[in-house]
Amino acid sequence: MENYTTCTWDEKSDCANCSIAGKLACKWDKKILTNFHLINWTAIVPAIFGMIIIGYITSNWWILAGYIGYFLFMFGFLEIRFLCSHCPYYAKEGKTLHCLGNHGAYKFWKYRPGPLNKLEKFMMNFLIATMFFVIPISVFGYGITYVLINYDGFGLITLLGLIGLAATNFIAANSGLNTLKRFYCPNCVNFSCPLNEVPKENVDIYLLNNPVMRKAWEDTGWKLN
Ligand code: SF4
Ligand code: SF4
């Protein structure tokens with residue numbers, strides 16, 4: 001597997017005659033990567049900002065530290081195993097990941113040409129739910145409750161400010177996820193991600209271009225049309 005690459009990285013790929021050329025984000029493109037980061041950071045910055053404010057209000061800085069630790073552990077280590085290691089971009093030689101999302105991460109894990117299994121898909125959904133919704137909403141809930149309990153010391157402005165920030169965070173996380181699903185997931189070559197929406201006929205053509213991937217997918221029961 002060490003020397004295997006995908007048509008995404010193969011400079012000799014016959015893209016000019018490929019019927020799905022232009023339908024997938026199958027070649028590295030800095031513009032796509034930049035936009036991907038913009039979408040994700042727009043979704044996550046209000047949560048981090050809110051945790052800083054709540055840290056000031058409650059003097060509980062462990063919440064912010066825990067969230068940043070979770071972020072680094074997930075995107076820098078575990079997500080690379082359950083999601084990225086199955087992506088055709090991961091097949092490139094070398095220890096640094098070059099891709100349209102987690103670009104620049106260290107490749108702790110070997111490349112896995114087959115699709116994500118059920119546990120890995122669950123982990124991907126779990127990551128999105130916790131990172132963008134469950135943790136930030138719980139933290140805002142904690143902050144608002146704290147201000148309500150200590151209302152005499154904080155007052156209405158602090159309370160309304162925190163509620164406004166919680167609403168902004170929720171809207172930003174939702175619109176970030178919707179933008180990702182609308183503009184990225186329908187073209188993404190990590191086909192077995194639970195959010196992926198590439199039509200099966202295009203997945204099949206990509207697999208026909210990539211025999212090692214094709215075999216790994218067929219070994220798990222995938223049928224080409
Ligand atoms: S699927 Fe492969 S061969 Fe087809 S356009 Fe994309 S990189 Fe080129
Ligand atoms: S399908 Fe969407 S969420 Fe999944 S790896 Fe691709 S861009 Fe990311």
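The structure is a predicted model, in which local features need pLDDT of at least 70 and side-chain atom pairs count only at pLDDT 80 or more, while totals for chains, interfaces and linings use all residues. Residues are numbered from 1 along each chain as its sequence is written, chains are lettered from A and ligands numbered from 1 in the order in which they are written, and side-chain values use heavy atoms, with hydrogens and water left out.

**Nonpolar cores**

- A nonpolar core is a set of buried Ala, Val, Leu, Ile, Met, Phe, Trp, Tyr and Cys residues joined through side-chain atoms within 4.5 Å.
- Buried means under 20% relative accessible area, exposed over 50%, and partly exposed in between (1.4 Å probe, protein chains only).
- The largest nonpolar core has 38 residues, and those touching the most other members are Met-74, Phe-82, Met-124, Leu-127, Met-131 and Phe-132.
- Two or more residues of this core come from each of H1, H2, H3 and H4, and H3 supplies the largest share, eleven residues.
- Helices (H or I, at least four residues) and strands (E, at least two) are DSSP runs, numbered from the N terminus.
- Leu-127 is in contact (heavy atoms within 4.5 Å) with Tyr-70, Met-74, Phe-75, Glu-79, Phe-82 and Phe-132, leaving aside neighbours within four places in sequence.
- Another core, of 26 residues, lies apart from the largest one, and its members include Cys-7, Tyr-90, Leu-97 and Val-198.
- In soluble globular proteins, nonpolar side chains tend to be buried together.

**Aromatic pairs and charges over rings**

- There are 16 aromatic pairs in the structure.
- Rings of Phe, Tyr and Trp (its six-membered ring) pair if their centres lie within 6.5 Å; planes under 30 degrees apart count as stacked, over 60 as edge-to-face and the rest as tilted.
- One of the pairs is tilted: Trp-41 and Phe-71, at 5.6 Å centre to centre and with 35 degrees between the planes.
- This pair links distant parts of the chain, 30 residues apart, with Trp-41 in helix H1 (residues 30–58) and Phe-71 in helix H2 (residues 62–82).
- Trp-41 is partly exposed at 40% relative accessibility, whereas Phe-71 is buried at 19%.
- One aromatic cluster is formed by Phe-73, Phe-77, Tyr-106, Phe-108 and Trp-109.
- A charge sits over a ring if NZ of Lys or CZ of Arg is within 6 Å of the ring centre and within 35 degrees of the ring normal.
- Lys-92 lies over the face of Trp-9 at 4.5 Å from the ring centre, and Lys-107 over the face of Tyr-90 at 5.0 Å.

- Ser-192, in the loop between helix H4 (151–184) and helix H5 (200–209), is buried at 7% relative accessible area.
- A polar atom of the Ser-192 side chain lies 2.9 Å from the backbone nitrogen of Leu-116.
- Not counting residues up to four places away in sequence, Ser-192 touches Pro-115, Leu-116, Lys-121 and Trp-217.
- Thr-130, in helix H3 (residues 118–149), is buried at 9% relative accessible area.
- A polar atom of the Thr-130 side chain lies 3.2 Å from the backbone oxygen of Leu-127.

**Cysteines**

- The count of disulfides (cysteine sulfur atoms within 2.5 Å) is zero.
- Cys-7 is buried at 18% relative accessible area, and Cys-193 is buried at 13%.

Technical notes
Polar contact = N/O pair within 3.5 Å; in protein donor to acceptor, adjacent residues only side chain to side chain.
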